[in-house]
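This briefing is intended for reading beside the sequence and the three-dimensional view. Please keep both open while working through the points.

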Amino acid sequence: MINIFAGSEHAPRPVYLPVNRRWEIAEAEGLPEDVSHAYAYFGDTLCGIQMDGMSPSPYRWTTAHEGTCQDCKAAAEAIDCRWPQEKRDWDVQVIAPAMDPNSPLF
Ligand SMILES: [Zn+2]
């Protein structure tokens with residue numbers, strides 16, 4: 001899951017991200033690998049598949065992928081349509097994951 005919040009003068013809130021930058025590809029044992037489903041936020045896909053152990057992969061889900069799930073695409077586009085144009089700002093602060101303290105500095 002990507003943690004991004006609005007700038008410091010605003011209360012933290014999720015910010016707008018375009019469809020192809022918002023979700024990761026869902027991974028789960030038994031999930032067909034030839035179809036790319038978007039991982040939603042509560043252990044299921046945007047198209048509603050729930051499987052034990054489902055998690056987001058390190059790879060971004062996009063509608064341009066050859067095997068993109070069309071139901072996930074429809075859900076992603078429906079969610080995108082709900083974002084008001086005036087809230088689609090890019091004044092954001094990206095909160096990066098903590099560094100491994102044992103990794104080299106450079
Ligand atoms: Zn799907």
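The notes below cover the model, the overall fold, the core, and selected residues.

This is a predicted model, in which local features need pLDDT of at least 70, side-chain atom pairs count only at pLDDT 80 or more, and totals for chains, interfaces and linings use all residues. Residues are numbered from 1 along each chain as its sequence is written.

**Overall fold**

- The chain contains two helices and four strands, where helices (H or I, at least four residues) and strands (E, at least two) are DSSP runs numbered from the N terminus.
- In sequence order, these elements follow the pattern β-α-β-β-α-β.
- Of the 106 residues, 15% count as buried; a residue is buried if 20 or more other C-beta atoms lie within 10 Å of its own, exposed if 12 or fewer, and partly exposed in between, with C-beta atoms placed from the backbone.
- Among contacts with a separation of 6 or more, 63% join residues 24 or more positions apart; a contact requires C-beta atoms, placed from the backbone, within 7 Å.

**Strands 2 and 3**

- Strand 2 and strand 3 run antiparallel and are joined by three bridges; pairing requires that DSSP find at least two bridges between two strands.
- Glu27 stands opposite Ser55 in strand 3.
- Strand 3 lies largely in the open because the number buried among its six residues is zero.

**Nonpolar core**

- The largest nonpolar core has twelve residues, including Trp23, Tyr39, Leu46, Met54, Trp61 and Cys72; such a core is a set of buried Ala, Val, Leu, Ile, Met, Phe, Trp, Tyr and Cys residues joined through C-beta atoms within 7 Å.
- The elements giving two or more residues to this core are strand 2 (24–27) and helix 2.
- Beyond its neighbours within four places in sequence, Trp61 is in contact with Trp23, Glu24, Ile25, Ser36 and Ala38.

**Cys72**

- Cys72 belongs to helix 2 (residues 70–82).
- Cys72 counts as buried because it has 25 C-beta neighbours inside 10 Å.
- Apart from residues up to four places away in sequence, Cys72 touches His37, Ala38, Thr45, Leu46 and Cys47.
- Gly48 is 24 residues from Cys72 in sequence, and their C-alpha atoms are 8.4 Å apart.

**Asp44**

- Asp44 is found in the loop between strand 2 and strand 3 (55–60).
- Asp44 has 16 C-beta neighbours inside 10 Å and therefore counts as partly exposed.
- Ile49, Gln50 and Met54 are in contact with Asp44, leaving aside its neighbours within four places in sequence.
- The C-alpha atoms of Asp44 and Ala28 are 9.7 Å apart, with the two residues 16 apart in sequence.

Technical notes: Two residues are in contact if their C-beta atoms, placed from the backbone, lie within 7 Å.
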